[in-house]
Amino acid sequence: MNAPVDFSLRFDWRVEEIVALHDQPLLDLVAQANAVHRRFHDVNDVQKAALLSIKTGGCPEDCSYCPQSAHHREVKLDRVELMETADVLAAARTAREAGADRFCMGAAWRSAPEGKRFDAVLDMVRGVHALGMEACVTLGMINELQAKRLVDAGLTAYNHNLDTGPEFYGEIITTRTYQDRLDTLKAVRGAGLEMCCGGIIGMGESVADRAGMLQTLASFDPHPESVPINALVAVEGTPLAGRARIDPLDLVRMIATTRIVMPKSRVRLSAGRSSLSREAQILCLVAGANSIFYGEKLLTTDNAGVNADDALFAALAAREARAPSAS
Ligand code: SAM
Ligand code: DTB
Ligand code: SF4
């Protein structure tokens, strides 16, 4: 017999409960996640979020997965200082024309700077907002005053990932703590911004670590409005370069579990999509993902590509009625 599906919004999930959900037979897990998804969302509404790196490389943090860390000198990456606002807005316009609903801007900073550069980011946010798109930024740590200024400029959401569970975190990043991340998230919520917060799988963490991250995320009341789930893109020159790609079905399990513990959130199938087949991506959508990064590039690495994505959306659409064939 199938277990009854729990549709309640809970903020008190225990790690063991999340592990048990995650590890159940795959078809039970996907069926539950899909039932929760249908209860809370229109399953045909898949958000397209465009992503642009507005300041690239040279970051003082030592995140092991990240090609933009200045600690990883072997990575082949050109540093680019903060882009001109006009160029950012031209990219936003192109993304809107291609069908993106949200425009996300990422900067390789440990924390958002004060002064001219922050003012420039505020201008970018104002411009994206004026285009009628949702605006999201990820600038590293911010305080509540900066968060409030971003709200006034028309920002929809702030992205700041926990990346992994609290116990594994120290294996991946040593230059800032889990608590630093939580403090920024508090500033984000305190200012009334939507919270975009998720993490990465495939860095060598256990299922309990993945569940630990979901438990922390699901303890926010309300839950983060969006939850990006990234599969590690193992970039040459980073300490995680040698890591094998995760099994796509591990991503399906992670997405399904995320959907069940945070029923109302937008779950974003994020980095790593370019190595998934069309069918694996569709399985992720069946398991509760309802947003993707759309565009040729993520921040510094290749994304799935607009042509492949247009084909993906075409495959998802209703089929035109066809005349019966003569043969
Ligand atoms: N510097 C800011 C910060 O860390 O908050 C913003 C940019 S940072 C690149 C945003 C997120 O991208 C990280 O928190 C991480 O989850 C994700 N990310 C970075 N490199 C990645 C990789 N190689 N594979 C998968 N996700 C990655
Ligand atoms: C998120 O969770 N994933 C995006 C976005 N938020 C900023 C970034 C993915 C980066 C992948 C590696 C790269 O392209 O540099
Ligand atoms: Fe810097 Fe963000 Fe990359 Fe960490 S993830 S090295 S903070 S750009």
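A cavity is a set of points, on a 1 Å grid over the protein atoms alone, where a 1.4 Å probe fits but cannot get out. Its volume is the space filled by probe spheres set on the points. In this predicted model, the largest cavity holds about 860 Å³ of space.

Residues are numbered from 1 along each chain as written, and chains are lettered from A and ligands numbered from 1 in written order. Local features need pLDDT of at least 70, side-chain atom pairs count only at pLDDT 80 or more, totals for chains, interfaces and linings use all residues, and side-chain values use heavy atoms, without hydrogens and water.

**Ligand 1 and its shell**

- There are 16 residues around ligand 1 (a heavy atom within 4 Å).
- Tyr-65, Thr-138, Asn-161, Asp-163 and Val-233 come nearest to the ligand.
- The shell divides into nine nonpolar, five polar and two charged residues.
- In these classes Tyr, Trp and Cys count as nonpolar, and Gly counts as polar.

**Polar contacts of ligand 1** (pairs of N or O atoms within 3.5 Å)

- Asp-163 places a polar side-chain atom 2.7 Å from an oxygen atom of ligand 1.
- Val-233 has a polar backbone atom 2.9 Å from a nitrogen atom of the ligand.
- At Trp-109, a polar backbone atom is 3.3 Å from a ligand nitrogen.
- Ligand 1 alone exposes 560 Å² (Shrake-Rupley method, 1.4 Å probe), and the protein buries 90% of that.

**Largest cavity**

- The structure holds two cavities of 30 Å³ or more.
- The largest is lined by 43 residues (an atom within 4 Å of a point).
- Closest to its centre are Tyr-65, Cys-66, Gln-68, Asn-161 and Leu-299.
- Strands S2 (102–107), S3 (134–138) and S7 (226–231) each give two or more residues to this lining; strands are DSSP runs of E, at least two residues, numbered from the N terminus.
- S2 gives the largest share, five residues.
- The lining divides into 25 nonpolar, eleven polar and seven charged residues.

**Second largest cavity**

- This cavity holds about 30 Å³ of space.
- Its lining includes Ile-18, Val-19, His-22, Arg-210 and Met-254.
- Helices H1 (15–23) and H8 (207–218) each give two or more residues; helices are DSSP runs of H or I, at least four residues.
- H8 gives the most, with four residues.
- Six lining residues are nonpolar, one is polar and one is charged.

Conventions. Polar contact = N/O pair within 3.5 Å; in protein donor to acceptor, adjacent residues only side chain to side chain. 1 Å grid on protein atoms, 1.4 Å probe; cavity = no way out; pocket = protein on both sides within 12 Å on 5 of 7 lines; lining within 4 Å.
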